[in-house]
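Please open the model in your viewer and keep the selection tool at hand. This tour goes stop by stop, saying what to select and what is there.

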Amino acid sequence: MEQQITVNTILGQNSFKTKKLIGNLNSIIIDTDSKIEIIIESENGYLIFHRKSIEGVYCLAIRNKVISSVENTLDYLTFDKFLLDEHLIITVIGQANKEVNLIIKID
């Protein structure tokens with residue numbers, strides 16, 4: 001499943017909520033002709049992705065990071081996909097009145 005979104009930065013920032021997404025987050029494709037900052041978080045309160053400088057076309061395969069429950073133990077990447085059953089809140093910050101195209105791919 002794919003959800004295609006076009007967001008305009010209006011006065012330099014815009015946030016929106018996706019429809020409810022159910023499944024594994026495969027990737028997000030971002031297409032922008034100007035430098036932006038993007039924040040993707042769950043409506044349940046956790047951060048999924050934050051990048052301060054993106055410009056051009058990117059296909060981002062966003063994955064979980066396991067944080068050890070024991071101090072002084074190394075964290076490691078598991079490359080597990082985010083399992084979604086919620087709305088995502090996406091915030092785009094950049095130059096005023098620029099369009100950013102997003103495609104959210106769900107398995």
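Select Leu25 and Ile106. Ile106, in E9, is the bridge partner of Leu25. E3 and E9 are antiparallel here, paired over 7 bridges. Two strands count as paired if DSSP finds at least two bridges between them. Strands themselves are DSSP runs of at least two residues, marked E, and helices (H or I) need at least four; both are numbered from the N terminus.

A word on the ground rules. This is a predicted model, so local features need pLDDT of at least 70 and side-chain atom pairs count only at pLDDT 80 or more, while totals for chains, interfaces and linings use all residues. Residues are numbered from 1 along each chain as its sequence is written, and side-chain values use heavy atoms, leaving out hydrogens and water.

E1 and E9 run antiparallel, joined by 7 bridges. Within that pairing, Gln4 stands opposite Ile103 of E9. Now colour E9 by face. Val100, Leu102, Ile104 and Ile106 make the covered face. Glu99, Asn101, Ile103 and Lys105 make the uncovered one.

Zoom out to the whole chain. The protein has 9 strands and 0 helices. Of its 107 residues, 34% are buried, meaning under 20% relative accessible area with a 1.4 Å probe and protein chains only; exposed is over 50%, and partly exposed lies in between. Consider contacts (heavy atoms within 4.5 Å) next. Among those with a separation of 6 or more, 72% are between residues 24 or more positions apart.

Which residues have the most contacts inside the largest nonpolar core? Select Leu25, Ile30, Ile38 and Ile48. That core has 24 residues. A nonpolar core is a set of buried Ala, Val, Leu, Ile, Met, Phe, Trp, Tyr and Cys residues joined through side-chain atoms within 4.5 Å. Strands E1 (2-8), E3 (21-42), E4 (47-60), E8 (88-94) and E9 (99-106) each supply at least two of its residues. E3 gives the most, with 7. In soluble globular proteins, nonpolar side chains tend to be buried together.

Centre on Ile48. Beyond residues up to four places away in sequence, Ile48 touches Leu25, Ile40, Glu41, Ser42, Ile62, Phe82, Leu84 and Leu88.

Move to Thr18, in the loop between strand E2 (13-17) and E3. Is Thr18 buried or exposed? Thr18 counts as buried because its relative accessibility is 3%. Setting aside neighbours within four places, its contacts are Gln3, Ile5, His87, Leu88, Ile90 and Ile104.

Finish with the charged pairs. The whole structure holds 4 salt bridges, each a side-chain nitrogen of Lys or Arg within 4 Å of a carboxyl oxygen of Asp or Glu.

- Glu2 and Lys105: the closest N and O atoms are 3.3 Å apart. The pair links strand E1 to strand E9, 103 residues apart. Glu2 is partly exposed at 41% relative accessible area, and Lys105 is partly exposed at 28%.
- Asp85 and Lys20: the closest N and O atoms are 3.5 Å apart. Asp85 lies in strand E7 (residues 83-86) and Lys20 in the loop between E2 and E3, 65 residues apart.
- Lys81 and Asp107: the closest N and O atoms are 2.4 Å apart. Lys81 lies in strand E6 (residues 76-81) and Asp107 in the segment after E9, 26 residues apart.
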